[in-house]
Amino acid sequence: MSVLVVAEHIRGELRPVTLELVSAAKELGGPVAVAVIARDPAALVDAVNVDGVDEIVCVPVEQEEFENDVYQHAVETLVAERSPRLILLGFTVNSMGYAPALAAKLGLGFASDVFAVRDDGGELVAERAFYGAKVNGEVDFPGHEQVLLLLRATAWPPAEGAGSATVSEASVGAAASRARHKDWVEVVAGDVDITSADFLLSVGRGIGDKENLEQFQELAEAMGATLSVSRPLVDAGWMPGARQVGQSGKTVKPKVYLALGISGAVQHLAGMKTSGTIIAVNTDPEAAIFNVAHYGAVADLFEVAEELEKLY
Amino acid sequence: MKIVVCVKQVGALGDEVEFTDDERDVDPDYLDYAINEWDTYATEEALRLRDAAGDGEVVVITAGDEDAEDAMRRALAMGADRGVRVWSDELAGADPITVARALAEVARAESPDLVLCGVQSSDAVQAATGAALAELLDLPRAAVVTKLELSGGTATVHRELEGGLVDVAEVDTPCVLTIQTGINEPRYATLRAIKQAEEKEIEVREPGDLGAPAARVRRMFVPPKGEGAEMLDGDAGEVARRIKEIIEERTA
Ligand SMILES: Cc1cc2nc3c(=O)[nH]c(=O)nc-3n(C[C@H](O)[C@H](O)[C@H](O)COP(=O)(O)OP(=O)(O)OC[C@H]3O[C@@H](n4cnc5c(N)ncnc54)[C@H](O)[C@@H]3O)c2cc1C
Ligand SMILES: Nc1ncnc2c1ncn2[C@@H]1O[C@H](COP(=O)(O)O)[C@@H](O)[C@H]1O
């Protein structure tokens, strides 16, 4: 089936999810066209020209960085001209700003955070999670000739190997951009670099109160671990952002990741699931963190922490 | 300043699950309901903007059945002024674009200066309703906003991207923004406010033509466990000793 992949790039760099989309597209048979929407799309052609890509469509636009009206207009134009059966984008913050809008406007079939897709006798079936990733669902798109899917990052391996795609250009004209990129605010470096630690003791909302944090700071020190946290602790202002593991925080790969009171939301897993050994302690036996953990204990984290304190 | 906030009542699973007979959803008996976490931040942001402006109204809108009024009452107890709930059976388990169609009718009738949604709902994790709603209202938009300032005809927002990098964007208003956790500290409702919220108005409507769904759930199921974790049994003391052993072995 014909697939249109939309490349994602930021500050001149192709985002890795783009090559994962190519793998997914290839799996479904193709032909696979990749649209590069940029001020200078040619600069990204080499990065996108991997095995499995049949055509690279350069779409020059005025804007250097992502703006949702610009992308929406460009993809809308390509969809009208090329009528792909399937449009694939990463489930990313940029896509969240325009993909659902495009699907609503054109009446496309739509699903987000998809981690598996199959062609069931000409009918597309996508798999995604519901209810805190405790349940999976198969979703289909009755009556839709065209479907737009946002695919979860790292669910497919990146496509690799030199490609031999033809390169074409599409002119889409200018779009009135009503939400304009102005500036970047860099991530502030913290007192520690959690990405270089061999052993992370990571605590989540399960620790309950800010007052309890000190206990885990001390435990981490005694165990020779670096303390990291899930997002809610940063949102609450208990810990600086530099300690946050996950999609909007740091991606870590320590030898040991010990997670206490972390449920295992997809955005948290995105930042730690490739850790060497993952140990999770959670009172909920169905917590999603146990799906990626190597070792798990259904236990109260305070009781386990108390026992650990005795051992170190 | 009139601000519409989209508030969803979400369901959370405990450690047991059963499915409905058609297997298209979880049996509601196994769900605990609450206001979507992201929507408490959206509500708080709206209240602050209303109060800073000195006048105006915060209207919470929900596509949900009568039970979903609990989530609306929560937002009303935080300080929102009134609510509009839209519902028909077609909306049960509906895809985000269908939900956006129902919400759009309600939002349009309010002619708001600003529409706020959460980034995502914790039970469906579509992260899609806000942008679809913006399109249906023909409004500019930005997703995953961690900072918001209004002045003149524009909203200056921080959009938080992967890795924490922030895109500072200027959005023409009125617009639809999807609000990320951490943008503010949602207030707790006092008991008195919760009582008062019972008196606030919630108008109930039926949607017009919702069009064809963008997706349909074929079936839901418990994910196969895969290799899964090796579970450490015993009391906390034994668990701690095993954890220490594993750490020593794996960090050596
Ligand atoms: C765009 C976007 C980006 C995001 N980026 C990130 C990110 O970078 N990092 C991140 O972490 N999140 C991120 N999130 C948020 C994410 O969706 C979750 O909300 C968050 O990860 C939940 O954190 P948690 O597991 O600590 O809390 P919860 O989900 O509330 O889980 C707490 C856990 O503690 C357990 N627990 C409670 N008490 C105890 C006890 N006494 N003993 C043992 N266990 C106990 C509970 O069973 C539960 O499983 C992002 C969300 C969005 C939309
Ligand atoms: N049924 C609903 N009623 C009201 N608002 C909703 C509903 N569903 C989604 N939303 C809004 O859209 C946001 C994103 O939800 P979702 O697209 O389902 O992940 C939520 O945080 C709400 O602000």
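Predicted model: local features only at pLDDT ≥ 70, side-chain atom pairs only at ≥ 80, totals over all residues.
Around ligand 2 there are 19 residues, and the closest of them are Cys6(B), Asp39(B), Ser121(B), Ala127(B) and Thr129(B).

**The site of ligand 2**

- The shell around ligand 2 divides by class into 10 nonpolar, 7 polar and 2 charged residues.
- In chain B, strand S4 (57-63), helix H3 (96-110) and strand S6 (114-118) each supply at least two residues of this shell, and S4(B) gives the most, with 3 residues.
- A polar backbone atom of Ala63(B) lies 2.8 Å from a nitrogen atom of ligand 2, while a polar backbone atom of Gly118(B) is 2.9 Å from an oxygen atom of the ligand.

**The site of ligand 1**

- Ligand 1 has 29 residues around it, of which Ser230(A), Ser248(A), Ser263(A), Gln267(A) and Asn282(A) come nearest.
- By class, the shell around ligand 1 is made up of 9 nonpolar, 16 polar and 4 charged residues.
- A nitrogen atom of ligand 1 is 2.8 Å from a backbone N or O atom of Val245(A), and a nitrogen atom of the ligand is 3.3 Å from a polar backbone atom of Thr283(A).
- In the case of Ser248(A), the side chain supplies the N or O atom, which lies 2.7 Å from a nitrogen atom of ligand 1.
- When ligand 1 is taken alone it exposes 1,000 Å², of which the protein buries 86%.
- The elements that give two or more residues to the shell around ligand 1 are helix H7 (231-235), helix H8 (266-269) and helix H10 (301-311), which belong to chain A.

**The contact between chain A and chain B**

- The contact takes 88 residues from chain A and 83 residues from chain B.
- The size of an interface is often given as the accessible area lost when the parts come together.
- Chain A and chain B bury about 7,200 Å² between them, with 56% of this area on carbon and sulfur atoms.
- Within chain A, the residues that lose the most area to chain B are Tyr131(A), Arg178(A) and Tyr295(A), which together account for 12% of what that side buries.
- Between the two chains, 43 residue pairs are in polar contact, counting pairs with both residues at pLDDT 80 or more.
- Strand S12 (residues 179-185) of chain A gives the most to the side of chain A that touches chain B, with 7 residues.
- That side of chain A divides into 41 nonpolar, 20 polar and 27 charged residues.

**Salt bridges across and within chains**

- Across the interface of chain A and chain B there are 12 salt bridges, and one pairing is that of the side chains of Arg15(A) and Glu162(B), which meet at 3.1 Å, N to O.
- Over all chains, the count comes to 43 salt bridges.
- Within chain A, Asp284(A) forms a salt bridge with Lys134(A), and the closest N and O atoms of this pair are 2.6 Å apart.
- This pair links distant parts of the chain, 150 residues apart, with Asp284(A) in the loop between strand S16 (277-282) and helix H9 (289-292) of chain A, and Lys134(A) in the loop between strand S8 (123-130) and strand S9 (135-140) of chain A.

**Backbone features**

- Most residues other than glycine have a negative phi, and most peptide bonds are trans.
- Ala133(A), although it is not a glycine, has a positive phi of about 60°, and Ala133(A) is found in the loop between S8 and S9 of chain A.
- In chain A, Gly30(A) and Pro31(A) are joined by a cis peptide bond with omega of about 5°, and Pro31(A) has its place in the loop between helix H1 (17-27) and strand S4 (32-38) of that chain.
- In chain B, a cis peptide bond with omega of about -5° joins Thr173(B) and Pro174(B), and the place of Pro174(B) is in the loop between strand S9 (166-172) and strand S10 (176-179) of chain B.

Technical notes. Residues numbered from 1 in each chain as written. Chains lettered and ligands numbered in written order. Heavy atoms only, no water. Near = heavy atom within 4 Å. Polar contact = N/O pair within 3.5 Å; in protein donor to acceptor, adjacent residues only side chain to side chain. Areas by Shrake-Rupley, 256 points an atom, 1.4 Å probe, with all protein chains shown as cover. Helix = DSSP H or I, 4+ residues; strand = E, 2+ residues; numbered from the N terminus. Nonpolar A, V, L, I, M, F, W, Y, C, P; charged D, E, K, R; others polar. Contact = heavy atoms within 4.5 Å. Buried area = accessible area lost by both parts, 1.4 Å probe. Salt bridge = Lys/Arg side-chain N within 4 Å of Asp/Glu carboxyl O.
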